[in-house]
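Reader: I'm new to this one, so please walk me through it from the start.

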Amino acid sequence: MVGTTEHEPSTSADVTVVMPAMNRAHLIGRALDSIAAQTVRPSSVLVVDDASTDDTVRVAREHGASVLELAVNGGSGPARNRGIEAATTEWIAFLDSDDTWLPDHLETVLAEAGDRVLVGAPGRSSGGRIIGNAWGGDLTVSARSVLVPGDLICTSGVLVRRRTLLEAGLFRPLRRAQDLDMWIRVLELGDGVALGRPGFTYYLHEQQAIHDSDLMRDCYGQIVDYCLTRPWFGAKDADRAWARWHWDGLRAAAAAGDRTAAAADVRWLATRPHTWRTVVDKLRERRRSRAAES
């Protein structure tokens with residue numbers, strides 16, 4: 001059991017928390033303390049150390065977590081896979097080593113689990129913005145809806161059935177967006193819900209991965225291509241998935257004074273009126289997310 005608190009919870013749940021970590025000795029204790037403070041405790045907390053060169057392993061063990069040490073760095077997806085495979089519980093919950101759960105997060109997502117395969121809570125950034133479902137109410141999610149309009153599920157707020165993760169094939173070796181890819185394949189196998197109330201804090205800090213838009217676009221394209229092989233996803237769905245990329249590209253090109261690139265995005269959007277509602281919905285969602293900062 002991780003850590004101690006003044007008032008011990010009376011119950012624990014059939015849940016393993018899987019936390020990948022690499023060189024997070026200065027942050028991981030805060031994340032583990034937030035698990036220790038849960039009103040319903042998990043039965044196991046497994047830190048998968050991804051070949052750290054600092055004191056991550058020592059700090060994790062001092063906070064009571066079990067640690068699986070990997071000799072070669074492989075990234076967060078493969079690290080999560082090792083944790084899922086090592087777990088024996090019905091449920092897997094994820095928490096990144098630089099985030100923290102709110103005290104009733106695990107109790108809340110378990111209460112909504114039922115026969116579902118996935119429950120996700122949104123987060124609130126350390127700057128106040130909502131990360132994930134910003135609509136303020138619970139939303140039923142499907143393989144399609146987590147891609148279009150997207151951004152409804154955040155890894156640090158997710159509870160998933162272990163057998164469904166295994167049946168879906170675990171995380172694939174994408175360098176970006178491997179979590180989105182995973183949730184799509186999980187939700188092909190069962191029902192899910194994106195809760196409306198934040199369950200974790202997403203901390204902004206200098207060591208977060210630098211956003212590589214070209215790499216993200218390439219990985220996103222691989223996910224869209226996969227979806228196009230599925231019976232629930234068609235060419236117009238693919239257009240809707242790409243619509244926000246063209247809208248954001250238009251804004252960036254306009255800001256940079258690149259009229260050629262801006263005109264190309266305008267033409268793409270203008271010839272696909274079935275994408276306009278998706279763009280409007282995405283802008284409304286972003287406005288609601290930003291409004292939480294005030």
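**Cysteines, sheet and buried parts**

Reader: How far is the sulfur of C227 from the closest cysteine sulfur?
Author: That closest sulfur sits in C219, and the gap is too far for a bond. A disulfide would need the two sulfur atoms within 2.5 Å. The distance here is 14 Å.

Reader: What kind of model is this?
Author: Residues are numbered from 1 along each chain as its sequence is written, and side-chain values use heavy atoms, with hydrogens and water left out. Local features need pLDDT of at least 70, side-chain atom pairs count only at pLDDT 80 or more, totals for chains, interfaces and linings use all residues, and the model itself is predicted.

Reader: How many disulfides does the whole structure have?
Author: C219 is in none, since the nearest cysteine sulfur, that of C227, is 14 Å away. Searching the whole structure gives a count of zero.

Reader: Is C227 buried or exposed?
Author: Buried means under 20% relative accessible area and exposed over 50%, with partly exposed in between (1.4 Å probe, protein chains only). C219 has 2% relative accessibility, so C219 counts as buried. C227 has 0%, so C227 counts as buried.

Reader: Which strands stand at the edges of the eight-stranded sheet?
Author: The sheet is open, with mixed pairing and the order β3-β2-β1-β4-β10-β6-β11-β9. Strands are DSSP runs (E, at least two residues), and helices are too (H or I, at least four), numbered from the N terminus. Two strands have a single partner each, so one side of each is left without a neighbour in the sheet. They are β3 (66-70) and β9 (139-141).

Reader: What about β1: which residue of β4 is the bridge partner of T16?
Author: Eight of the 10 residues of β1 (residues 12-21) are buried, so β1 is largely enclosed by the rest of the structure. Eight bridges join β1 to β2 (residues 41-50), running parallel, and V18 stands opposite L46 there. On to β4 (residues 91-94): β1 also runs parallel to this strand, joined by four bridges. The partner of T16 in β4 is I92.

Reader: How many of the 10 residues of α7 are buried?
Author: Helix α7 spans residues 178-187 and is mostly covered. Among its buried residues are W183, D181 and R185. The count of buried residues in α7 is nine.

Definitions and conventions:
Pairing = 2+ DSSP bridges.
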